[in-house]
Amino acid sequence: MHKIFGKKNKSKDNLVEYSQNSTGNDGPRPAEGNNTPDTNGTTQQQQPAVQKNDPPAQPPRPKLVFHCQQAHGSPTGIISGFTNVKELYQKIADCYDLPVSEILFCTLNTHKADMSRLLGGQIGLEDFIFAHIKGRPKEMDVTKSQDALGLTITDNGAGYAFIKRIKEDSIMDKQELISVGDHIEKIDGKSLVGCRHFEVAKMLKDIPKGTTFTIRVVEPMKSGFSFVEKSSGKKGSGNLGSGKQTLRLRSSGPATVEVPDDVVNVAVDKVNGLLESFMGINDTELAQTIWELGSKKDNPSDFAMAMDNSELKDFGFTDDFIFDLWGAISDAKSGRLTKDVQEFNEQF
């Protein structure tokens with residue numbers, strides 16, 4: 001049986017939510033006030049519950065509830081009531097009475113720093129969330145002896161950029177202290193907290209070849225897994241879906257429950273591969289936004305104009321790169337893309 005963990009002023013609510021979702025007692029409850037006996041022994045006249053002109057009562061929307069643990073070991077917490085990644089991180093921080101700045105990133109259904117399981121813009125309704133907490137800082141001097149350092153960078157959507165992939169035999173692969181999952185906190189003493197991944201990637205790419213620079217990273221906490229509980233099979237809100245539905249998180253606007261579309265997934269993977277190949281960043285939410293923008297356009301000119309008129313103009317995409325993006329979107333719309341994921345080499 002899972003243990004419930006959270007703030008004292010919230011644990012009671014969490015326990016109630018947990019018991020309601022785990023007992024399986026879904027029978028309707030009698031409405032309050034309708035079964036009061038008449039104390040004087042006379043027959044009480046029944047009033048019609050619903051007037052003819054009244055609209056039918058709408059059933060309440062189910063509350064989406066997710067289970068989480070700290071990746072290095074903790075009791076199980078219950079998280080609900082969020083619509084974007086920042087709110088999710090805050091809910092997790094509140095649950096465990098820790099500052100939200102201590103959360104580096106989250107993975108789904110594994111406590112390992114598995115970059116293929118990163119929490120991005122979508123969460124399956126049965127997914128179990130693991131929060132990776134700040135561990136020890138590491139600082140080292142690195143000489144950029146080649147044009148590319150060999151890093152792919154992503155971010156957690158809440159102000160921390162971290163390493164998603166290290167290219168084999170690259171400069172950074174030879175740095176023993178650098179690992180996948182490390183948050184890049186500073187470069188030459190300049191704080192990168194609050195920077196997006198593409199800003200960090202550009203800063204690293206702009207370091208001249210032959211230059212020695214100092215990089216400070218913070219690794220996720222790794223000590224001990226003795227308190228991590230085994231899943232009972234119900235990884236989330238068991239009554240809400242079969243695992244195919246996902247909660248789509250957006251940077252603006254409400255979260256929505258969606259059924260993934262194979263065409264969309266393939267297109268987003270392809271666009272994300274292009275972002276990684278040409279910019280050294282990995283961002284599923286950004287790729288999804290680009291797809292949604294391009295899927296509504298009929299030609300590359302309209303797509304390029306839409307990009308220029310959106311918030312994506314801040315990325316400074318070149319005309320050639322936008323044309324490559326349109327090629328991926330066009331191929332996906334026509335069904336020419338397959339589910340095979342192509343590997344790309346990092347370019348910074």
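**Chat notes**

Q: What kind of model is this?
A: It is a predicted model.

Q: How many helices and strands does the protein chain have?
A: There are seven helices and twelve strands in the protein chain.

Q: And what share of the residues is buried?
A: Of the 348 residues in the protein chain, 41% are buried.

Q: What part of the contacts comes from residues 24 or more positions apart?
A: Such pairs make up 65% of the contacts with a separation of 6 or more in the protein chain.

Q: Let's do strands. How many residues of strand S3 are buried?
A: Six of the six, residues 103-108, so S3 is largely enclosed by the rest of the structure.

Q: In which sense do S3 and strand S5 pair?
A: Antiparallel, over five bridges. S5 covers residues 129-143.

Q: Which residue is the bridge partner of Cys106?
A: Ala131, in S5.

Q: Where does His132 lie?
A: His132 belongs to strand S5.

Q: Is His132 buried or exposed?
A: Buried. His132 has 3% relative accessibility, and the cut-off for buried is under 20%.

Q: What is His132 in contact with, leaving aside neighbours within four places in sequence?
A: The contacts of His132 include Ile103, Leu104, Phe105, Cys106 and Thr107. Also among them are Ala71, Glu102, Thr110, His111, Lys112, Ala113 and Pro220.

Q: Switching to helices. How does one describe a packed pair?
A: By two quantities: the angle between the axes and the distance between them.

Q: Then at what angle do helix H5 and helix H7 pack?
A: About 70°, with the axes 10 Å apart. That makes H5 roughly perpendicular to H7. H5 is residues 284-294 and H7 is residues 319-334.

Q: Which hand is the crossing of H5 and H7, right or left?
A: H5 passes H7 in a right-handed crossing.

Q: Which residues meet there?
A: From H5, Ile290, Trp291 and Gly294. From H7, Leu325, Trp326, Ile329, Ala332 and Lys333.

Q: How does the contact of H5 with H7 divide by class?
A: Six residues are nonpolar, one is polar and one is charged.

Q: What about H5 and helix H6, at what angle do they pack?
A: H5 and H6 (residues 300-308) pack at about 130°, and their axes are 9 Å apart. H5 is therefore oblique to H6.

Q: And which hand is that crossing?
A: The crossing of H5 and H6 is right-handed.

Q: Which residues make the contact?
A: Ile290, Leu293 and Gly294 of H5, with Phe303, Ala306 and Met307 of H6.

Q: How many residues of the contact of H5 with H6 are charged?
A: None: five are nonpolar, one is polar and no residue is charged.

Q: Where is Asp97 found?
A: In the loop between helix H2 (85-96) and S3.

Q: How accessible is Asp97?
A: Asp97 counts as partly exposed, at 48% relative accessibility.

Q: And what is the phi of Asp169?
A: About 65°, again positive although Asp169 is not a glycine.

Q: Which loop holds Asp169?
A: The loop between strand S7 (161-166) and strand S8 (183-187).

Q: Is Asp169 buried or exposed?
A: Exposed. Its relative accessible area is 56%, and the cut-off for exposed is over 50%.

Conventions
Residues are numbered from 1 along each chain as its sequence is written. This is a predicted model: local features need pLDDT of at least 70, side-chain atom pairs count only at pLDDT 80 or more; totals for chains, interfaces and linings use all residues. Side-chain values use heavy atoms; hydrogens and water are left out. Buried means under 20% relative accessible area, exposed over 50%, partly exposed in between (1.4 Å probe, protein chains only). Helices (H or I, at least four residues) and strands (E, at least two) are DSSP runs, numbered from the N terminus. Two strands pair if DSSP finds at least two bridges between them. Axes are lines fitted to C-alpha atoms, for helices over the stretch in contact, and angles run from 0 to 180 degrees between N-to-C directions. Angles under 35 degrees count as roughly parallel, over 145 as roughly antiparallel, 65 to 115 as roughly perpendicular and the rest as oblique. A crossing is left-handed if the near helix is turned anticlockwise from the far one by less than a right angle, and right-handed if clockwise. Contact means heavy atoms within 4.5 Å. Ala, Val, Leu, Ile, Met, Phe, Trp, Tyr, Cys and Pro count as nonpolar, Asp, Glu, Lys and Arg as charged, and the others, Gly among them, as polar.
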